[in-house]
Amino acid sequence: MVSKDILIVTATLGDRDTLERTVNSIKTVSTDRVAHIIVCPLDKVSIIQEKYIDLTVISEPPGCKGIYAALNHGLLPLASDYSYLGFINDDDFWLESFIDLIDVLDCNSNVDIAYGKVGYFNSSGNFLFPQSSSNQYRWFKKLLAFDVVLFTQQASLMRSSVFLKLGGFSEDYKLISDSDFWIRAISNKFVFKYINKVCAGYTIQKGQLTSNKELSDVEHLKLNIAHNIKKDFSGFIHLSFYRIINIPNYISRILNNNNSRMTDYFHLNNNIK
């Protein structure tokens with residue numbers, strides 16, 4: 001039997017039915033290698049553990065201040081025991097191509113972080129469109145100034161040494177600490193490798209990206225100040241190239257989605273670039 005060398009953590013409040021899909025997707029892709037840990041409120045531990053007897057379920061730390069504190073609680077103490085690690089939300093899921101991210105790290109000792117694309121799905125489980133992305137990971141900060149997120153955690157996998165060196169996620173942010181993490185990783189010269197495949201699913205639910213808009217705006221301003229993120233001419237050039245690179249993807253969004261599904265797309269069009 002292959003020893004488990006990949007640590008994946010899901011922080012959850014324990015009240016979403018989609019957690020089962022998340023758990024099953026990870027088992028399907030790489031059952032033998034992945035240790036999947038669930039972090040949840042204390043009063044949900046026994047309920048979730050009873051349902052997923054083969055997983056480790058732990059309670060949030062006392063006075064837990066959001067998802068990133070919960071993720072740190074699950075990842076930091078155990079990271080050194082595993083080769084790779086990642087995290088995924090309780091309404092997102094791995095797709096078959098996630099195995100290619102694992103292969104990238106297995107076959108390229110100089111690569112620290114592998115990432116691919118996310119596929120967007122509606123709450124009924126229907127595929128909407130693939131995420132736009134690029135292999136130019138060093139553009140991350142430049143594009144973020146224009147509200148473009150080059151890649152996200154659902155379709156990313158890193159060496160545990162990266163997470164440990166950076167000290168985990170900053171708990172100064174409630175919504176966007178993963179963006180802060182990627183910026184710090186790039187600044188520290190970690191090597192990323194991109195694969196042009198949809199590796200994970202992200203579930204779009206109406207209101208989820210707009211319900212915390214005020215807090216999101218505050219945190220983005222804080223992030224911009226902390227990392228000197230601002231729009232400039234070079235950033236505009238990067239954005240233009242990014243748009244050109246992703247023209248086929250933009251066209252496929254229009255051609256591959258019927259009118260009912262496009263409703264979901266336009267509902268969140270300002271948030272997904």
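The model is predicted, with local features needing pLDDT of at least 70 and side-chain atom pairs counting only at pLDDT 80 or more, while totals for chains, interfaces and linings use all residues. Residues are numbered from 1 along each chain as its sequence is written, and side-chain values use heavy atoms, leaving out hydrogens and water.

**Exercise 1.** Work out which residues of helix α4 are buried, and where they sit around the axis.

Step 1: Helices are DSSP runs of H or I, at least four residues, numbered from the N terminus. Buried means under 20% relative accessible area, exposed over 50%, and partly exposed in between (1.4 Å probe, protein chains only).
Step 2: In α4 (residues 98–107), you'll find Phe98, Leu101, Ile102, Val104 and Leu105 buried.
Step 3: These residues cover an arc of only 150° around the axis (taken from the directions from the axis to the C-beta atoms), so they are on the same side of α4.

**Exercise 2.** Find out how many disulfides the structure holds.

Step 1: A disulfide is a pair of cysteine sulfur atoms within 2.5 Å. The count comes to zero.
Step 2: Cys40 is buried, at 0% relative accessibility.
Step 3: Now Cys107: the closest cysteine sulfur, in Cys199, is 15 Å from its own, too far for a bond. Cys107 is exposed, at 62% relative accessibility.

Definitions and conventions. Helices (H or I, at least four residues) and strands (E, at least two) are DSSP runs, numbered from the N terminus.
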